[in-house]
Every structure is written in structure tokens, then in C-alpha cells.
Amino acid sequence: MPQFEPVLLARIHKADSTSLEGYRADGGYRAYQKALGMAPADVTKMVVDSGLRGRGGAGFPCGLKWTFLPKDHPGPIYLAVNADESEPGTFNNRILMEQDPHQLIEGIAIACHAIKSEKAFLYIRYEYGRSYRTLFKAVQECYAAGLLGKNIQGSGVNLDIQLHRGAGAYICGEETGLIESLEGKRAWPRIKPPFPAIEGLFRKPTIVNNVETLCCVTHILDRGVDWFKSMGVKPDPNNPRDPGSYGPKLYCISGHVNRPCCVELPMGVTARELIDVHGGGVWKGRKAKAVVPGGISMGFLSADELDTPLDFAGPGKVGCLGLGTAAVVVVDDQTSMVDVLFNCCRFFAHESCGQCTPCREGTSWMRKILDRIRSGHGKLEDLDLLLEVAGSMGIIPGTTICGLSDGAAWPVKNAIKKFRPEFEDYIREGRRSITPAQELMATH
Amino acid sequence: MPVLSEEIREQIRAEFPNYPNKRAVTLPALHIVHHALHQVSLDAIREIAELLELHPSEVHDTMSFYGIFRTEENPYGKRRVWFCRSISCMLRGGEELMQQMCEKLHVHPGETTADGRITVEFAECLGACEGAPCLLVDDECHVNLDEKSAAKLIDELR
Amino acid sequence: MPTALVNQKPVELQPGERLNCVQAAARVGIEIPAYCYHPSLSVVASCRMCLVEVGETKPDGTVVMLPKLVPGCQTPVKEGTVVVADSEKVKAARQATLEYLLLNHPLDCPTCDQAGECFLQDYSYKYGRSYSRLQEPKQIKPDKDYIGEQITLFTDRCIMCTRCVRFTREISGSAELQVINRGTHEEIDIFPGEPVNNKLAGNVVDLCPVGALCSKDFLYKQRVWWLQSAKSVCPNCSTGCSVNVDQNEDKVYRLKPRENPQAQGPFMCDEGRFGWKYLQAAERLTFPTQKTAEGEGVRDWTAVLNSLRQTVEETAKKSPQKIAAVLSPWMTVEEAYLLAGWLKGLSAQAALALGPVRVAGEDDTYPKDIHGKPIQPVKFTIRAEKCPNHRGVREVLEHFTGAVKPFAEVVSEAAAGKYDLVYLVGGDPFGWITEEQAKAFQKVKTLIVQDLLPSAVLSQASFVLAGGSFAERDGTYINHAGLAQEIHKSVRSPGNARPDNRILWELTGRVGLFHAGNLRKEIAETISGLAALQAGNLGENGVLLDSTEHSAQTAVVQA
């Protein structure tokens, strides 16, 4: 297979990758020019036709979401850029923002033209200080060059981008959690309906899009729909609801590999290829025991599921929640899955917003059970109890307000179902693997 | 004697035109105060609330939800060092690194060294997994650390 | 008329009506349990107790159910909606939710105020498991007695329904309550130094479905299953909130608002909620007296009433123009009718005046904005007029005397020596007559005072009739909007005091026992303005004096 020529990451190693001058020298903002010369509805149509699906985790068709906005709304309509990237294992948005900020800004500008928005809020997680500073500078350059502000390049279009820093909460990555946080409240996701496209930020129609998704928009306008669809995975002919998985995708690989990195590939690469070819193989000459396919919310692939294609449909076929953020984390065969699962449960218990009963209590309960198992006091029944608790929470059964619960439940389900003998051995032997470091952090 | 200086108030007010209402300036205002004073005291919350035309409870409600804000009981030190404890860093020794640094500095996570120089925290995934284990010093991320390089980094913090 | 189905039962929907599943089910007597949902507050659907299965009926009659559960409180019901609240899936979800809620909930039932009226107890009994599978230590959170002057919080009992927080933000607007921290560490709290002391504070205790928020006034005083409730009306202002008076062994322990869609809704203010302590005041008048030549004299009701009746009749014959009565706006309609009718019957020239209507400030509306200014739409009003039945007594007086004589006029006339006999009805437990005004009645030969507490004028009375409070009698109060509501006797009057309706019934020579319902029918026939009382039984929610149904009837009568 020929080496894939990156598009999203094409510029990140250049010396001048973050400046406006450098961006323009490489043809930057011509896609925006093109968009400005089109009617907003035509821009939307391009994005719809491209089959672009959101890269934030849900994989919802991007253009379709834009069409949910009410027609002929007096405004304002807002774009909220979700740069709250917090899914463990994920760092592709960070790279895009730190190394090629104008690619994102151009995508934002094109999207705002399509949805007739004059105000975009860029919600950046607190911990991404460098991304914030880089984008701040880039946005200032744009204002100075007349690419932002009033009557952009004489087109009559106005656009303001407002950077907004988060404050350390994973749930701000959920669309309506982000909206509530931006509005100045605690980030408790809203009940839906109404959906943000109808009633979002400040109760106005709002589109929330992921950073990588918007970067794709830039290139769809620049290179065309056919280019985008020339790579990826076509829809499953047996499933009329499958929109396919098109376009280039940034895959993160980390954990027990020799070369943790972020690599751009056409959608659909297998986990095995990602690990062996791009990640330099499992470290220390070991084998992979389990692989997270798309951020820990998606669960785990077992060692014999590594040929699963990592497109939107692949991981679901082997019992994972989905592709998520396409962040692959490799666990070697000398690591205990009990320890790995504990790490996941601790994360979700810490990050649960606490609004709805099953998630607030369930995530904390699962963590406590894992704590007890890892302190040598587990029982075999605990595994079925964990499965039962995990099975009763989430938007899939309908018992919670948002999908954090599903993400909290999936690692538990996959780990126990796919690695049950390991868990049972651990419990039977009364093993105890709580580390001193973990005891230091015990209350959280 | 107000807690928030006129300069801080100006910075907060400067955010008003950026948002459709003052409530949305809650996080930016908390960041401004927190960055300047290394804490947000109850009096500061009251003054922020007054500027934003909110009840103090509304500001406090928001503030207590997030992981980063310190109160007057435990302000953070000169420098704040966050150790990631999520999956990718955990798999490559991130938690042990944190423990080693805590021992070196004689603090527990959440505490500040006796000389007020460094506050040690744990964080969830910092998004630098390609360089695990990593840590965040205030606003800068440092990657590919081991005990030696982390210790050197910390010693050089002023 | 559109129809929906809940558990196979048809629910009729009024055109244009917007119901959620919980409301639709209630309409056909099916309970969908819910904690965070409250009809007066915004919908948050966070407790997840009301999860049901929902589907819609296609044009061809087939029913397509949604594959997942949905919260009943946020799901609208329209024509063809099918709600299933009794399937195995729903039952399992309820069991799971209750298990989650009880996970960290302390087993405080033996010492918790809420026991007996606790939704956690009730739903656990009906829908929960009888055991918990938690083997780890429970989350412990501190008690907070500083939440409000009247409110204390047992934090670890809280189920995070956020009704209390939403109340202080949406109804009172004062936003004292907040949630702090995140996830399982969340707690309800106040901002230090800003306790919940607004005038509607007590409502959050009612709203709390469990024993987290408790009333300091009621704390540990009484088990609710020993309490008996009487439906009544708060007398402290002309909003006339419908209430339940809870008592045990003739002692009132608390007032709670009773939902009345025609009156104030499900809330009441603290002035009313806690403003009944005078019921048990040591100063209560507990026996009738008649001053004789020797001093205080007679204390027997029969003797006193007979003597009083005789005195009034004689004065009416001898000097009919020298009789006056002051009817307090704290009297019931029936009492005012009995007294006014009797006196006018004895002397057409008897002067009837309206007792002092105490007004404190202005009507106080809620919610309020950050600057304390009331905002629209108004969710609750505490009225400035501090009496329960101004409208009712006025209707009676207007019927019997035309223009209503103000109290001040009677005071100055009495001071000028115009009256030989004055019948003063007090009844306002917070004071209705000043020392100055009392002096005006010094020249009156026969002064009758009917009251429940001592006042400035008491020592001057020749006849003292020890009366009852609102909690001790049956009758009718009419509020500011013309809503006539029944009050019911809940406790016996202390000592030998008697409810005013009984005093007047016997004094005015009526035979048999006082029966409010029958008397209302008589009043309705006599006073056209009160024709709405003709039903006798006014129901739980009362009747409006000016309801269209009634107006149509009056129109026919007048024609």
C-alpha cells in the first residue's frame, strides 16, 4: 500500500507552521475564499455530500447536523468549537491546534459561513495552554489581516472568534456540557430535546463541532467532495443506515508501543497495522494483551480482535462502543487488566458530573468494587455485579442524560467479558495490586 | 478594602463585550482572579458576583465543579505541577513518577511544599500521550520524563 | 378528543393541553414515581426515577415503541402516544435507580423526620429491592445546620434531586442554595454567610422528597403518623394559601401548604407557615367573663351569653341608635353574617363597622432579580393586607348596611359618647387596637370584647367572650381574588375558650348545632354577592365568587 500523503498533518513539521504568513504561502485561506463565493446552503451541501462524520466521538454526519438549524432564523446562530479533548489516550486535536492553528481557523470560518453564524466560541480545555496561546496569536493575525471581524475581505460577511478556556472537567467535552460551561454554569449536560441546533448556547441555535472535523471541512472545500470520498470505507450494503467512513483520519497510538505518535491515514486502518507499522510494534518485545480502540470509553479489543478495521463501524462489530476518538492505547501481556480497568473506573468516577443518579452512584460504586478487588477482598460475584451495574447505565438503555455513562460502562463490560479468566484468577488468588502511588490519591 | 484590584476588575470588565451576557464571563473572571492571586477567596467570589450581577452562590456553584480552582484555605504555590494519572501515562510509569516526586518534595498530591514553591497535583489525561509519562508545569507540558529528568525539571523551577 | 394510552388505559387529552407522561398517568390513577419532577419547577429529568417505555401509534394502528427508556417527566403525551409503565424493563430500571439512591443513603429512618411521608421509603417499598449490595463504606457528608434560620440539612440523606436549588432560583429568585463539588462528592450548600432566610424559605423543606432538608421548628417534635390533618386556610394575609393543619392531641405541630390550583399553588410563605405560635400562647383568653357590680364575676358561658343577649336586646329597645359593632376581617363569613344579621334585626340603626385591616408594606411578589426587584411572571405573592377575610366580611357588611363604616369612624364616634353598647370582635392575634383607640371606648356603658388574646381594650370590657383561632373553627374565608375557601376545626380551643362560630350561633339564639354548610346555603340565598356559597360544601379548592357559572346564574335571577 502506497505511503499515505498526510493532508491534515501536512504542515506540522514546517518551521513556520503556525504563522498566517506561512499558512498563506502554502495556499491557506483559498478554501475560505471559495466558500465566501458560494451560497451557505451550497457549502453545507458539499459537506453533506462528502460524508464527513464528526471526529469528536459520536461520529454523527457533520453536514446533516448543520441542516438541523432552523431556516430563516433571525439569529444569532453560534458555532461552538469543541477543543475540550479529554478522552484518555487522545491528543490529535492538540497537535492540530499547536502546530497548524490556521487550518482550524479556516475550517471554523467556512463552517460559520455555511451555518450563517457570526460568532464562534472556541472552547479549549484548560490544560492545553500552548494550544490556547498559539490560537490566540493566530486569531489576532487574522483580525489584523481582515480575515476576521467585520465585512471580511469585502464579502459582507462578519465573523468573531472568541477563545474560552475550560477549567478541568471531562464532561465539558459533551456538547451540552460544553454549552452550559460556556454559559458560566456547572457543566451539567442538558436533557434533549431540545437539541443544540434548535436551542443551544444562550438558548440560540448552535452547532458544536470537533477540531479535527472542522479541519476536514477546510480540505473538503479545498480539494472537493470526490477527494474526501476517495479514501475510507464505503457503507455496508447490508445496512441502509450506514453512512460509511470517509476521509483521512488522525489516529493516536500510545501505551506499550515503541513509537507512540499521531499518524494520519485513510479511515479504516486495522489496529494491528496501526500498532505494528506506525506505532513501531509492542514495546520490549512483548505482545499486546488488550487494545483500546478509540479512547477508553470505547472499551477494549482482545488480542485476537486486532484485525478490526478502525472505522466508524468496525469496533462496534466486536463489542466495543464505537470508534470514539480513534485513540489507540496498547496494553502489553505483562500488565494486569484488573489494574487497567481500575484506572478507567477511577477516571469516570472522578469525571462524572453527578447530575443523574445511575452515573453519579454507579461510576463511584464500580470504582469502589475495583478498589476492593485490588486490595485483595474481591469475590467472584463482584464480576457479575459489575456487569449488572454497567449494563444499567447509559443513553443506550436510556437511563442517563448523556453518554459519559456508556463510556464508563463499556470498559467494564469489555474487560470482564473478554478477560474474565484473568479477573477470576486475580480474585481467587486474593491478589493485591494497589500501588503506593494510588494510595496517595485514594480519595479521588 | 476590596480583594480585587482595579486592574483585575478592568480585565474582567474587558470580557463583557465578548459574550451576550455577564454570566458567561464567570469562568474567564475566575481564571483572571485565580491566575493573579493563586486562589479565589470567598470575598473574591463576592466581588466577582457583584461585577457579574450574579448571586455569590451561583459563582461558587460553578467554581466548585471544576478541578483547578483553589480556595483561600489552600492556595497553590508559586508553581503548580500536574502529574497525569490516566491510562497512557499509567502504563508507562506516570503514577510512580508522581509518587517519586512527592517523596522528593515531601508532599502529598494536592499539597504545597513548605517553602511555598511548588504545588503537586494529579491530573487526568493531559493529552500528551505520545510523550508519556508527562507533566504540566503551570501552562507548559513536559514529556518523556523519568525520575531523573523529572527531578531536574522540578529542581530548576523557581 | 385526542387519546393516549397509559398501561393500556385511555387518557383523554383536552385540545391544546400539554401533558407529560407523569401527569397523563396521574390522570388515570397510575403513579409514575418521580423525585426531581415538580409541576412548578423546570424539568431536569435527572433523578431517572420516572423512566418509562414510550411509543407512538402509526396511522395503520400499529404501535412502534422506542427501544430505550425515556424519562416520563420530559416526554410529552399526544394523540396516539402509548406509555408503558409496568413492563419488566421499567420495573428493573426503578429497582436499579432506587438501589443507586440508597447506596450512600444512611439508614436514618428511626431518627429521621421524614419517616412516614418519605418518598424514598414509599418508592423503595413499592418499587425497590429489599436489600443493598454495597459492601464498601458509604460516602459520609457533614450535617449543616446553618442552611437557614428555619432550615437544617442532613447532607448525606440528599438524593440530589435539586428541587431545592431550583426553587431558590426560579420561585424566590434569591438563589441561596447551590450544589458544590462534582460527581459523588456533590452536596447542597449555601454560600457562606448567605443562608436561606427569604420569606419563602420553608418551602424547600416541603419540596425535599427525603429527610435531607428539615424544618428546625418541627425537628424531632412529632412523628407524622400521629398527626391528623385538617384542611384549612392560612389567615395571615389575603392570599389565603390553602393549608393542612397538622395536630396531635389538640396541639398544632405544623402548617403545610395544600396544593390548590385556584389559590396559590403548592407553596406558602414563612409568615404563615410559622406564624401560628400564638395558638398555644399562655396569654390566650380561656374563659368568658361578665363584669358585675362586685367585680369580674360570672364565668359561665350559658349565664354570660344569656345575660349578654338580654343586655343587647334591652339596649336595642331603649336606644337603638346607640348600638355599634366592629366586625374584624379575621371573622369568618358565617360569623359576620350571624352577628350582623342579629344586630340589624334588633335595631335597624345599629352601626356596623369593618374592623381594622392591618396593612404591612406592599404586596411582595416573587421571584426577585439580583437587585431584589420583583420580576415577571409572578410565581408567588405575599399580600400586604394581613387578614384572611376582608372581602368576606365586607360583602356581609355591604349587604346589611350599604356603605361600610371604617373602624376609625367608630372610634371617634365612641369617643364622642355616641354609643351605649359596642360589640368589638378582635381576632387579629398580632394586634388590632392601640392604647389611644382603646381610650375612645371608655365612655361606652356596655363594652363587649370577643377575642382570643388580650388587647389594650380588654380591661374595659363588661363582657369578655374568649374566642378561638382559625384552627379551632369551621367557616369560610374569602381571599383577595374572591376565592371562598372552607376552614376546618383542627384542635379544641384551650381552656374554656370557644370557637367564635359557636359563640355567635348560641348568642344569636339559633337552635341546634352550628353547621357551616347549611348556614352557607342560607347566606347564599340572602346575600347576592355570596351566591357562590350556595353549594354549601365548597370542596377542597373553594369556589370563586365571580366564576362565570355563577355569574350566568345571577344574570338569570336578575332577569
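Before counting, I settled what contact means: heavy atoms within 4.5 Å. I also kept in mind that this is a predicted model.

**Entry one: chains A and B**

I looked up who touches whom, and found 65 residues of chain A in contact with 44 residues of chain B. I then checked the area buried between chain A and chain B, which is about 4400 Å². Carbon and sulfur atoms give 58% of that area.

Next came the charged pairs. I found six salt bridges across the interface of chain A and chain B. One I looked up by name joins the side chains of A:Arg186 and B:Asp61, at 2.4 Å from N to O. For polar contacts between chain A and chain B, my count is 27 residue pairs, both residues at pLDDT 80 or more.

Which helix gives the largest share of the side of chain A that touches chain B? I noted helix 13 of chain A, residues 337-351, with seven residues. I sorted that whole side of chain A too, and wrote down 32 nonpolar, 19 polar and 14 charged residues.

I searched for cavities of 30 Å³ or more and got four. The largest cavity holds about 170 Å³ of space. It is lined by 16 residues, and the closest to its centre are A:Glu361, C:Asn104, C:Lys141, C:Asp156 and C:Cys158.

I traced the lining to its elements: helix 14 (357-377) of chain A and strand 12 (187-190) of chain C each supply at least two residues. By type, the lining of the largest cavity has five nonpolar, five polar and six charged residues.

Technical notes. Residues are numbered from 1 along each chain as its sequence is written. Chains are lettered from A and ligands numbered from 1 in the order in which they are written. This is a predicted model: local features need pLDDT of at least 70, side-chain atom pairs count only at pLDDT 80 or more; totals for chains, interfaces and linings use all residues. Side-chain values use heavy atoms; hydrogens and water are left out. Buried area is the accessible area (1.4 Å probe) that two parts lose on being put together, summed over both. A salt bridge is a side-chain nitrogen of Lys or Arg within 4 Å of a carboxyl oxygen of Asp or Glu. A polar contact is a pair of N or O atoms within 3.5 Å; within protein, one must be able to donate a hydrogen and the other to accept it, and residues adjacent in sequence count only if both atoms are side-chain atoms. Helices (H or I, at least four residues) and strands (E, at least two) are DSSP runs, numbered from the N terminus. Ala, Val, Leu, Ile, Met, Phe, Trp, Tyr, Cys and Pro count as nonpolar, Asp, Glu, Lys and Arg as charged, and the others, Gly among them, as polar. On a 1 Å grid over the protein atoms alone, a cavity is a set of points where a 1.4 Å probe fits but cannot get out, and a pocket is an open set with protein on both sides within 12 Å along at least five of seven lines; lining residues have an atom within 4 Å of a point. Grid points are joined across faces, edges and corners, and a volume is the space filled by probe spheres set on the points.
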